[in-house]
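Hi there,

Here is the structure I promised to pass along.

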Amino acid sequence: MVFEGQVLKVGKNIDTDVIIPARYLVTFDPLELSVHCFEGLGEDFRAKLKPGSILVAEENFGCGSSREHAPIAIKGCGISCVIASSFARIFYRNAINIGLPIVECPEFVKEVQEGDKVAVSLLEGKITNLKSGKTYQAKPFPPFLVEIIRAGGLVNWAKKRLKKEEK
Amino acid sequence: MGMTITEKILAAHAGLDKVEPGEIVQVRVDGLLANDVTAPGAIEQFRLVGSQKVFDPDRIFLVPDHFAPNRDIPSAEQCKLLREFAYEQGITNYFEVGRMGIEHALLPEEGLVLPGDLIIGADSHTCTYGALGAFSTGVGSTDLGVAMALGETWLKVPSSIKFVVNGTLNPWVFGKDIILYIIGMIGVDGALYKAMEFAGEAIRNLSMDSRFSITNMAIEAGGKSGIIEPDEKTAAYVEARAKRPYKFYQSDPDANYEKVHSLQAEKIDLQVALPHLPSNVRSVYQINDVELDQVVIGSCTNGRLEDLRVAAAILNGKKVHPKVRLLVFPATQKIYLQALKEGLIQTLVESGAAVSTPTCGPCLGGHSGVLAKGERALATTNRNFIGRMGHSESEVYLSGPAVAAASAVAGRIVPPEEVVPPERWRDFKNKLEE
């Protein structure tokens, strides 16, 4: 799982109401949700959201609500990966469960500039800034989460477990 | 080394003698919660897992409270999906409008969540049940759907931070002010991934209602959970409600805390959080001339009986400012009924407040109190993010019910003593102690 794209930057404490306001939570469809994604950051920001972009955020990205619609909306925008200094915990679980690639790496967030082209190799946690050539090691996923990611998400992991129990 | 109450509950549900922070454990769940916004996704994921039946139809709590009573056709479809699933699976704890309440006030009131329980819910304020001495935390729809099939989930054992509040609280200061003060002190990610444990004389002296306000907002500091050791007040609360056994856990004296904060209750003023973060907190005495369009009293944070009593005590004989809309939402039907019996609803309506059936509507800008561009509200809810209550150029301030009620009268944010004399507090306190 390797992603390459241009960096779009946001600040700290980007909450789930900014990512997707509650009034739109009447669907789980990624495309429908993406129409309102990041409305709280204004139209100028929304114009910069391009499919394949890599979103880079400071601390506590995704704080607030448990709405899974938040990572789904981001995925619906075509964002390939989110790199943050830290993630709020429910957002972190949700992103892994719905298959939005996320990586935690404060050093990278500090140094990267908007528009830089970067490559991310998800499971190895390796981030390369293709402009400066510098590489970063992200915080590794615990082995259990690697198991879920490799299974293709929590639902597939649970399916396998139920099958094992039946045997 | 001993264990914290959180570690003990997690160990018991993982079938282990001991757990340590950072460890990932598979835990059995005592209850699962979802609402009309999150359940549709959970149901879809539950079906994808391939399971025909939920693990236990008595342990799944489905509450249509967010966009219910149905706001529009798409919300009606979501509520219908929830309802049909409840009937299909024989789910005993589905709460229809009219018997429904805001989930985090309703489940404790119904005795569905109990001390020592491990509860997960597809709503971030699931951390509320920690006030009972339970471990509870919010998850997304997929985690919940999978847990509905398996009856268990995975959790990383959090390290704990302890907040010890000693001393005596000032007039009109309640649980909400304590938690806002703490969030202001540590920030919106000050307890990220951690369990927040609240202790000390001032916490023990709080009512259960005020304790729920505190644990409810642990998530607003990034906390995984908030918890208060159960005591005789907890026992009195659950005794009449519980329909199954429960267990009181206590932290060991030599338990390990990442940090212990000691606070003095006398130093905690009435608190207000300014836009757009719950950590942007000031004492109400530092706020000048913030005019209001709307005041909301209610929600899973402050829609309980104590909150309505406080609001009514201040609004008694007063009128809501002509330019202000005051909306009051009792959190459950039982609270509503009790407030009727006590004459609180009459007081509120006479003051010029609109009183509504229980719903989360205005708190999340869903319905029944959405703000227009440029409007400003003061709410006893839990979040004041950009666009939380409506237009992205509207503003939300947060406070407890005393400041909210007084401000509704003044038309701007003020402390209670600007609209009621000091005797009002004395009379209210005497009544509470009766």
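Below is what turned up in the nonpolar packing and around the aromatic rings. Please keep in mind that this is a predicted model.

**Nonpolar cores**

The largest nonpolar core holds 193 residues, and the members that touch the most others in it are Phe38(A), Phe61(A), Ile83(A) and Phe108(A). This core lies between domain 1 (5-263) and domain 2 (270-433) of chain B, because both of them give residues to it. There is also a second, separate core, made of 20 residues, with Leu33(B), Cys79(B), Tyr129(B) and Leu132(B) among them.

Leaving aside residues up to four places away in sequence, its contacts include Val10(A), Ile14(A), Phe38(A), Leu55(A), Val82(A), Phe87(A) and Phe91(A).

**Aromatic rings**

Over all chains, the count comes to 17 aromatic pairs. In one of them, the ring centres of Phe87(A) and Tyr92(A) are 6.3 Å apart and the planes meet at 55°, so this pair counts as tilted. Both Phe87(A) and Tyr92(A) are buried. Together with Phe61(A) and Phe91(A), Phe87(A) and Tyr92(A) make up one aromatic cluster.

**Charges over rings**

Chain B has two cases to look at. Arg241(B) places its charged end over the ring of Tyr237(B), 3.8 Å from the ring centre. For Lys156(B), the charged end sits over the ring of Tyr193(B), at 5.4 Å from the centre.

Conventions: Residues are numbered from 1 along each chain as its sequence is written. Chains are lettered from A and ligands numbered from 1 in the order in which they are written. This is a predicted model: local features need pLDDT of at least 70, side-chain atom pairs count only at pLDDT 80 or more; totals for chains, interfaces and linings use all residues. Side-chain values use heavy atoms; hydrogens and water are left out. A nonpolar core is a set of buried Ala, Val, Leu, Ile, Met, Phe, Trp, Tyr and Cys residues joined through side-chain atoms within 4.5 Å. Buried means under 20% relative accessible area, exposed over 50%, partly exposed in between (1.4 Å probe, protein chains only). Domain bounds come from an automatic or database domain assignment. Contact means heavy atoms within 4.5 Å. Rings of Phe, Tyr and Trp (its six-membered ring) pair if their centres lie within 6.5 Å; planes under 30 degrees apart count as stacked, over 60 as edge-to-face and the rest as tilted. A charge sits over a ring if NZ of Lys or CZ of Arg is within 6 Å of the ring centre and within 35 degrees of the ring normal.
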